[in-house]
Structure formats: structure tokens, C-alpha cells
Amino acid sequence: MTTTSTTERSDQEGQTRAASPRRLRNYVAGAWVEPTASAVLETRSPASGEVLAEVPLSSAADVAAATAAARAAFPAWRATAPQRRARALFELRALVSDHQEELARLVTTDMGKTFDDAFAEVGRGIESIEAASAVPHMLKGENLEGVATGVDVEMVRQPLGVIGAITPFNFPVMIPLWFIPYALGCGNTVVLKPSEQDPLPSVRLFELIDEADILPAGVLNLVLGAHDAVNGLLHDPEVDGISFVGSAKTARYVAGTAAAEGKRVQALGGAKNAMVVMPDADPKLLAGGVTGSAFGAAGQRCLAGSLLVLVGSKEEQDASLATVVDAAKALTVGDGADPATDVCPLITVASRERVEGEIETALGDGAELVLDGRRDGGEGGAQLGPTILDGAPTDSRAVKEEIFGPVLTVLRVDDLDGALEVVNSSRYGNSSILFTSSGGTAREFRYGVQAGMIGVNVGVAAPVAWFPFAGWKDSIDGDLHANGGDAFEFYTRKKVVTSRWA
Ligand code: NAD
């Protein structure tokens, strides 16, 4: 990712440049518009390093144009019958489904993950649209008759108004679709600010929506950019609610700033997810579950297991570790577009260098390499193989902090109590996984572990869209999770009417 101005662009890192990279535009009030911002970022293919497009760094004024359009569209959209809004979601669902392969290929090109992973990501987005389509049912209120003589009470749900959605690079289709369908279904209008690192799938999604003409102008808007655009949304008085997903640091900033501006906010942050392995774990489930979780998408998932907590005697721990290491060694590192690839490149060369720096830090802290994934980086320079560290001190960064790369840190404990102590000492609480053949152990783990999304013999415990998605502790700022019933709760406010009729 390179910051340049439109007038001086230089080819960085000696990588290839498309003949004339496409300059992306914002989508405001039903039209593609040129942002006022002159600075652009280049988005590059993680696999080849080729420049794919120029991303404008929209200003607060560009954001204001989009929020004004969203505000203008709000009264009519709010007044549209819920079942008609749901029908618009049915159309959105059909559109995304019809273009699932195309969108998935674009995710692979821009973000880097394997095609199968990208296809599944778009599938998850489709599920969110399906779950949001229940909106007429979910918007129904409550009532209580006769609380006093002739007095009845009813509660109705109304939309908030304008929602700003700010999303990360690692799921460029799914996460926008965690927010857009529910917010729109509930009668809000939306401004999406996708990650500046890989906005092409969002742009294509908006092109499809525009071409199919399924929403009135201004109901859904797109602003491209980075920090200035985010700050524009956070301080814009037209914005009523903010839905955010990203790193813990940004989530804390976004939540604090939005709350200080009087906005409703949900901010889903980073993670350090532990995978606890009991000696009775099924080796096949263990091998596939751990490697898929730790190294799939090169560890760039909020649900990536990055701590392997081995339970039992030294011999039992070593046996579990050997199962995982053997499976990790069999993984193929390469271009996500190659069907043989298991581990895709990181999002940028800078990201690979950062993760390599984390590996060096861990080694300096006393960890040992069980598996060293450092290599030449491949064509685009962003590849890094599965890396497993053992013996890192419990208070070191490799144990405590999110690395967001294909790096798995091993810890060893005697029993389940010791495992729960380690897992629950984390400041994060996004997800936690247990591998065991014992229902009783699974029950004890499930009861005691402090995290929002738990897996038993499942490496990536991503809830389907009909359930809420988020973690606990520093993995979220705000109360309401994404998706499921929480989404309808977040995008509506309750009004209670007490009436007496003569
Ligand atoms: P990020 O925090 O760098 O960026 C997320 C968004 O915030 C982007 O749109 C970016 O433009 C904006 N942003 C970043 N820094 C900002 C700043 N200082 N001021 C204003 N805006 C800023 O996150 P990322 O690297 O794109 O995504 C990876 C992170 O997201 C990981 O930490 C991962 O765990 C987390 N994540 C969490 C979940 C979850 O459900 N909890 C899901 C996916 C990703």
C-alpha cells in the first residue's frame, strides 16, 4: 500500500503497475462521484504486487456529501413498508448469489485469500442478507393491555437514521454485509467506508446494486478512504450510529469518539484466540482444525487460533504438537488464485515484514522455532509460511498480542483448569476452541471460558448469521454484537407508548 498524490506517483518496491490503474470513485445519492480529495492510495495484488487501482482518500467534506444524501433519503426509506424493504433484501441476496464467483475472485485478487475461502466468505455474506430478511418479523413490538383502568402500553421499534459502517480488510465482502442488510432492513440509510487496503469487492458490490436499481438513490452510499473518512463519519452530526470492525486499538478509538459525539456504536476489535488441546483429542479433527484456523487466510482472521494450549503430560503435549506440526508442514504457501494453495500471501509486503518482526521479537523473548515459515516472499513479496513457536514466556507479545499472520504460539499446561486460567488471563475474548473427545470436558470448558464464540472440535467457530457474532473484553467496545437478533436491536430504538382512550 503506497500513499501518493495524483500528480506524483512513483512505482514502489520495483513491482509491476497496471497500464493505467483505475481511479475509484465514491457512490453518493445513486451516482458515482469524484471525491474532492487529491491524495490516493494504491491497492496492490498481494500475490503479484501489481497495482490494481487508485483509492481516493476522501475528506470529511466527501463524507458530508454522502451523509447528506443518506439523510435526505431516510424519511422515504423509513416510510417504506418493512416487507417491501425485505423484498429489496431478497433482490440483494439474488444479486450477490448470482455474482458469488465473480465477487470471490475479486476478493482473492485484492485481499489475497484462496478462492475457496473467498467463495465461502461471500457465502457468509449471503447468509447475513438471508437472516436480515426476517426484518418484518423482527421489528414487531410488544404490548401490555390494562396496566391501569383503560390504559394500554405498547413498544414500537423505529430506525436510528443514518448509519456509518467502517470495515476492515480481511473480509471485504462479508463484513460490509454484516451491517448493510440489517441496517437497511430496519429502515436506516447507510454510508459504507470499506478498508482502503482492498476496496475493489465493495466497489463491485455497489456497481451491481446500482445496475440492478434495487434501492432508491441515497439509501446506500460508499465513501472510499482511510482515517480522514472515518473521522468524518465519527464527527458528522448527520450520523446516528456507527458499526465498526477492525483492530482493538482502532475499535477503542472509534467507540470512544462516536460515544462522545452521542452516537450509538458497536466496535468489534482484535483477538488472541486460544485453541486448547486435551490428550484425548481426535488427531484428524485436531490436525485439520488447528492448521485451518492458525494458517488459513495466512492467520488474517479475527477467529484465527493463534495460541495452542497443550494439556497433559510432556509426552502427551509433544504428541499433540507433532500432529499439528506434521499437518502444518504439508500446507502449500502461494498465490490464493492457485487451487493448490493453502496459505495465501499477507495483505501487503509491509504486513509480512511486520509479522517477521514479531517472530524476531518472540525469539528474542526466549521462544524457539518449531516450524520456521520465513521464506523469500514469492512474486509479490508478501508470502510467509506457517510458523510455530514454543517456549515463549507467558507475558511475551507472542502470547499476549494479536500478530495477524500465520504464527502459532504454543503454551503447555497440566490440566483443563490450567488451560482456562491461561485463556481467561487474555485481555481479548473473541473466540476459544477446545479439542477433546469428552463431553464432560467440553461442557466444563464451555461454561468457564471467557469468550464470545466457542468451538468444540471446530477450528474456526464462526456463528452462522442467525446468531450474534462478536467477542468479549477488549475484542468489543459496545454491547451489541453483529448479526442475529443483536443486529435488529442495534439498528432500532424503542419507543414506548402509554395510552388511555375516553
Ligand atoms: P484496522 O483497525 O487497521 O482498520 C479497520 C478500519 O478502521 C479501516 O476501515 C481503516 O480505514 C480504519 N482505521 C484504521 N486505523 C484508523 C485510525 N487510526 N483512525 C481512524 N480510522 C482508522 O483493521 P484492519 O487491519 O483493516 O483489520 C484487521 C483487524 O480487524 C484485526 O485486528 C482483526 O482481529 C480485526 N477484526 C475483528 C473482527 C471481529 O469480529 N472482532 C472481524 C474481522 C477483523
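Domain bounds here come from an automatic or database domain assignment. With those bounds, the shell around the ligand takes at least three residues from each of domain 1 (22-269 + 475-479 + 486-499) and domain 2 (273-465).

This is a predicted model, in which local features need pLDDT of at least 70, side-chain atom pairs count only at pLDDT 80 or more, and totals for chains, interfaces and linings use all residues. Residues are numbered from 1 along each chain as its sequence is written, and side-chain values use heavy atoms, with hydrogens and water left out.

Now the shell. It holds 27 residues, the closest being Glu-196, Ser-247, Thr-250, Gly-269 and Glu-402; a residue is near if one of its heavy atoms lies within 4 Å of the molecule.

Next, polar contacts, meaning pairs of N or O atoms within 3.5 Å. A polar side-chain atom of Ser-247 is 2.8 Å from a ligand oxygen atom. Thr-167 places a backbone N or O atom 2.8 Å from an oxygen atom of the ligand. For Gly-269, a backbone N or O atom lies 2.8 Å from a ligand nitrogen atom. Taken alone, the ligand exposes 840 Å², and the protein buries 88% of that (Shrake-Rupley method, 1.4 Å probe).

How values were computed: Polar contact = N/O pair within 3.5 Å; in protein donor to acceptor, adjacent residues only side chain to side chain.
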